[in-house]
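The structure comes first, and the notes follow by topic.

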Amino acid sequence: MKEDTLQNSIEEKLSEDLSACMKCHLCNLFCPLVDTRVTQGSYGINRSIYYGIKWNEFSESLRDLVYSCTTCGKCEVMCTKVSRALSLRELIEKTREYLLVEKMVGPMPDQTAVLKNMHVRGNPWGNPSHERTKWASGLDIPFASQDNKVEVLYFVGCASSYDPYGQKISKSLSRILKQADVNFGILENEVCSGHEARRMGENGLGDYLAENNMAMFKEADIRHIVTGDPHSFYTFKKEYPGGGNGLKVQHYTQFLNDILDQGKLELSTRIDKTVTYHDPCYLGRHSDVFDDPRKLIARIPGLTFKEIENNKKLSDCCGMGGGRMWMEPPERLTSSQTISERRVQQALDTGAEILLTACPFCNITLTDAVKSMGKEDAIEVMDITALVEMAL
Amino acid sequence: MVGEEYVYEDLFERINYADTLLPYDVEKEFLPDVVIQPGTAQEVSKVLAYATKHDVPVTTYGSGTDLVFPTKPKHRGITMSTERMDSLEINEEYQYLECGPGLKTGKAIKALGKLGYFLPIQTQAGSSIGGAVSINTIGHLADNIFGRPVHNVLGLEVVLPTGEIIETGSKCLRRSAGWDLGRIFIGSEGMLGVITKVRMTLMPMPETIDAVGFFKTDEEVGHVMTRMYQKKLPLPMDGEFVGTKACKLGCDAYGLDFPEGAMAVIKAMGRTKEEAVRNAQEVVDLFKSEGATEAFVIEDPETAEKVWAVRENVMRWGQEKNKKGGKAIEVNPVLPLMADAIKSLERITEGRTDLIAEAEAYLYGHVGSGSLHCYLTYPYGWPAEKMKQFVDAIWNVEKELQLKYGGIGGDWGWFPHRLPLYRETYGETSYAIIKNLKGLFDPSNILNRGNLEGEV
């Protein structure tokens, strides 16, 4: 009976919030999922949730729609500007949790193993935990601990720990930090920040992973975290208990600007290239970090910067957020490849030779899109760290 | 006929193609049996021929951004979406654009803008060109400057309900002075055929600049806009009005220190920036001479953004009084009665015994094009039945006001709910003619069945 009441109250809350929708369709204007059908976009998803609850229809078809959202949040920008300012992303995430926990139709089939991997091995791919720091071999990076206190903890994140593209970021950033004589270290037993578990509706797992990391932060007396992963950055600041309980959390673009300001680092090698920059959703729109990446890019001598069509608050998603990294929606819904290729095309339209970003997920996705479009000769995807290191 | 992958039987697809902007939910009995997305005129033709042969109702769907419910299937059947037919060709040599009906106006505006052209349909960016042409709407633009699609469309490709594909018009810029079958389809709300291609004339992109005037009363805005026409001033592209009550809400929401009262904001245009500024200044001078407490040409983009934000705040009006949402009335007064109509709208809730008495009313509108709105907001918690009564009451009062002030409107795909207004304004003979016309094109009455009959 108590369970029924809880279930009803979640449904009531979702219904009430969604009934405030004016059905103006304006959210769909910005949704990266809209290809040719209204149902593919933010509007169609939120209406489907509303009627799903109203008519007690919690099918796999509803699940597919709800999990197709990249959680980029661009719909909210439009809703806030000219409509009812609904928290559309939050409503979709709440529904995911509801489908997963109460209705047992979530997550997407491919994501079940991913969540299990996060729980058992601390990373979504299920790679061995002991291989997490393998990327760092030869770089002489200390492990932060109670006995080896560091001023800055570099929180690497899963993608930059295991994925070959991501590892380029962790290696570059580490070498930059070393060059600047930053007293930093990494965690020997770092686990997933839990960000993507929450995006898939598994908040319980998100809490569990947060507790693990928080315990390690506490034990090593960590006060200052720098990360290259916007997803971890976001979840530390906005979803960890107490916003990380007083931890100073910075994305590396912020930290590198600080140490450049302090004269600890100098960028003196000229790089004569034309570049553009893709704002990652969780660094830009969700965390309001727009200027630091651009400031850092501007400090690299020789670069010509061309702003991409949709930028800053209106940046388009790379297509892999919200748990889509580990699933592909059914064919009737917009593929991740379509979304990422659309973004690469915008970068190509700027005439840039390099598409810069500051997120391992975006890096992986956009690199793949460049390949699938056969545009390797026209444009290269790089993390900003790569150019910073070249400019040292 | 259209390929299996473009046939959708899923419940949520059917819901999303049946739900409308009406403030109550769609009922299960009004869901289409199937949603299809043909990609070519030939595919549309096969479906319509089949539907006519087997008496299957077909509801046409552009983007679903109409503000009423022409896309709600009244008799189930097939909902035919034109979204896949979204091609665009801009032919600068011939000076036309040719597009599929599913092309979104936003995409067209962007593509044309890159080449220095202007789309004379400024409906919301997610709306479809086919839908706009079917309704014959141009959004907020002034008819006197831009005309409507019926004036700017050079030709159409249309699939008749019986399956024949016809072409109207030509590629030349000179339109037919005599019979032009294409005009019959424009504004007929998808009831006579399915438009599968639209050819429109290109228009050069004008330079624009905004100007604003603040007035002590709402009626003064009506007066000044009437004077703008009568004094033969260069008409602006957009002439928007936000009433005193709504203006205050917008200013409070964005922390703006604008004078109290009603606001008129215009987007002046010219061939050059200098001409646009000069034209804006003429309107500002008029505003001042007609009693504006403050009026100026907006030089900086930041102020322009703030001014338009006050206008764009419309869907949040009423929230300060815990109203759930709103429904707007459309009144299009004849020019000399603009101020009187505003006065009537200000008092719309007074002395009423229906549900409108319980609403909170906010005035705004596109005074530059002679269109006024009153946004009536309703409280949280009204059940669907009460909501329907409320909407009925709104349509009744809208009819009263349109008849009183000489308007007929129609920018929202209006026929089903405004049938009583149509009949009263134009008479039974006129209604019988369009019914006969419908029968001529669509003998089995498959297309948008129920709309011409006024089923809501």
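This is a predicted model: local features need pLDDT of at least 70, side-chain atom pairs count only at pLDDT 80 or more; totals for chains, interfaces and linings use all residues.

**Sheet and chain contact**

Strand β8 of chain B, residues 153-159, and β9(B) pair in the antiparallel sense over five bridges.

- Five strands of chain B form an open sheet in the order β5-β6-β10-β8-β9, and their pairing is antiparallel.
- The edge strands are β5 (88-91) and β9 (165-169) of chain B, each of which pairs on one side only.
- From one strand to the next, the twist averages 10°.
- Within the pair of β8(B) and β9(B), B:Glu157 stands opposite B:Glu167, the latter in β9(B).

*Helices across the strands*
- Helix α2 of chain B, residues 41-54, lies across β8, β9 and β10 (194-201) of chain B, and runs at about 45° to β8(B).
- Helix α3 of chain B, residues 105-114, lies across β5 and β6 (96-99) of chain B, where the helix runs at about 30° to β5(B).

*The contact between chains A and B*
- Chain A gives 27 residues to the contact, and chain B gives 25 residues.
- On the side of chain A that touches chain B, the elements giving two or more residues are α2 (26-30), α3 (42-54), α4 (60-68) and α5 (74-82) of chain A.
- Of these elements, α3(A) provides the largest share of that side, with five residues.
- By residue class, the side of chain A that touches chain B divides into 11 nonpolar, eight polar and eight charged residues.

Note on methods. Residues are numbered from 1 along each chain as its sequence is written. Chains are lettered from A and ligands numbered from 1 in the order in which they are written. Two residues are in contact if their C-beta atoms, placed from the backbone, lie within 7 Å. Helices (H or I, at least four residues) and strands (E, at least two) are DSSP runs, numbered from the N terminus. Ala, Val, Leu, Ile, Met, Phe, Trp, Tyr, Cys and Pro count as nonpolar, Asp, Glu, Lys and Arg as charged, and the others, Gly among them, as polar. Two strands pair if DSSP finds at least two bridges between them. Axes are lines fitted to C-alpha atoms, for helices over the stretch in contact, and angles run from 0 to 180 degrees between N-to-C directions.
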